[in-house]
Amino acid sequence: MEIKKTVLSKEQIQARVTELGQEITSDYGDKKLVMLGVLNGAFIFTADLCRAVDLELEIDFIRVASYGNATHSSGTIRLSKPSEIDLKGKHVLLVEDIIDTGHTLAWLTSHFAEMGAESVKICALINKHERREVEVQVDYSGFSIDQGYLVGYGLDCAEIHRNLPQVYSLAD
Ligand code: PRP
């Protein structure tokens, strides 16, 4: 698939990440904050976002696995890499590159609440709507986008294009 057009420029992303970082900084204050980036897609967003947050915080990454293609249909999900941080009594902020059907974040939110986190919130760079199947409350939403196959800034197409510095859409 060919790259069609720029959806989010470097400047737009940088400005929004700075704003999100400021919001998170003022909302959490001296609470014990743990940012959990969801691999692989969120590795770049997490790296930029954590540097826009002016707080003492812990950072870890988790990885989600689904049986077959279940993440995008039935929501049968497990963690292939759980967090190595003891989350009891801490405030978890899940950091995602994109929300699509909603299954991944719906599952992660209830999973970490069950693990004893004091609170679980979501920060997603892109909240995409065209395929939403499960409602999720997005506490910090970078950009709301209706549709498109998006790549770049962590987002891939068959593992390619994650390193592009902007977000692009691919032609159908
Ligand atoms: C993407 C994204 C989310 C999930 C969202 O990950 O990073 O984790 O899909 O989809 P959903 O809302 O439909 O559950 P993907 O499975 O593509 O893996 P990746 O992060 O390694 O690219």
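Predicted model: local features only at pLDDT ≥ 70, side-chain atom pairs only at ≥ 80, totals over all residues.
In the side chain of Asp-97, an N or O atom is 2.5 Å from an oxygen atom of the ligand. Gly-102 contributes through its backbone, with a polar atom there 2.8 Å from a ligand oxygen. Taken on its own, the ligand has 500 Å² of accessible area, and the protein covers 83% of it.

Which elements give two or more residues to the shell around the ligand? They are strand S5, residues 91-99, and helix H3, residues 103-114. The largest share comes from S5, with four residues. In total, 17 residues surround the ligand, and the closest are Glu-96, Asp-97, Thr-101, Gly-102 and Thr-104. By class, the shell holds eight polar, six charged and three nonpolar residues.

Let me now step back to the fold. The protein has three helices and nine strands. Along the sequence, these elements follow the pattern β-α-β-α-β-β-β-α-β-β-β-β. Along the principal axes, the C-alpha atoms fill a box of roughly 45 × 35 × 25 Å. How does the radius of gyration stand against that of a compact globule? For 172 residues, such a globule would have a value near 16 Å, and the protein has 15 Å, which agrees.

Two points of backbone geometry follow. Leu-39 and Asn-40 are joined by a cis peptide bond, with omega at about -5°. Asn-40 itself sits in the loop between strand S2, residues 33-39, and helix H2, residues 43-52. Ala-158 belongs to the loop between S8 and S9.

Glu-159 is found in that loop between S8 and S9 as well. The side chain of Glu-159 makes a polar contact with the side chain of Arg-162, at 2.7 Å. Glu-96, you will recall, is among the residues closest to the ligand.

I close with the second largest pocket. Its space comes to about 170 Å³. Strand S1 (3-8), strand S8 (149-151) and strand S9 (167-170) are the elements that give two or more residues to its lining. S1 provides the largest share, three residues. The lining includes Lys-4, Lys-5 and Val-7, together with Glu-130, Ile-145, Gln-147 and Gly-148. Tyr-149, Leu-150, Ser-169, Leu-170 and Asp-172 also line this pocket. By class, the lining of the second largest pocket has five nonpolar, four charged and three polar residues.

Notes
Residues numbered from 1 in each chain as written. Heavy atoms only, no water. 1 Å grid on protein atoms, 1.4 Å probe; cavity = no way out; pocket = protein on both sides within 12 Å on 5 of 7 lines; lining within 4 Å. Points joined across faces, edges and corners; volume = space filled by probe spheres on them. Nonpolar A, V, L, I, M, F, W, Y, C, P; charged D, E, K, R; others polar. Near = heavy atom within 4 Å. Polar contact = N/O pair within 3.5 Å; in protein donor to acceptor, adjacent residues only side chain to side chain. Areas by Shrake-Rupley, 256 points an atom, 1.4 Å probe, with all protein chains shown as cover. Rg over C-alpha atoms; globule rule 2.2 N^0.38 Å.
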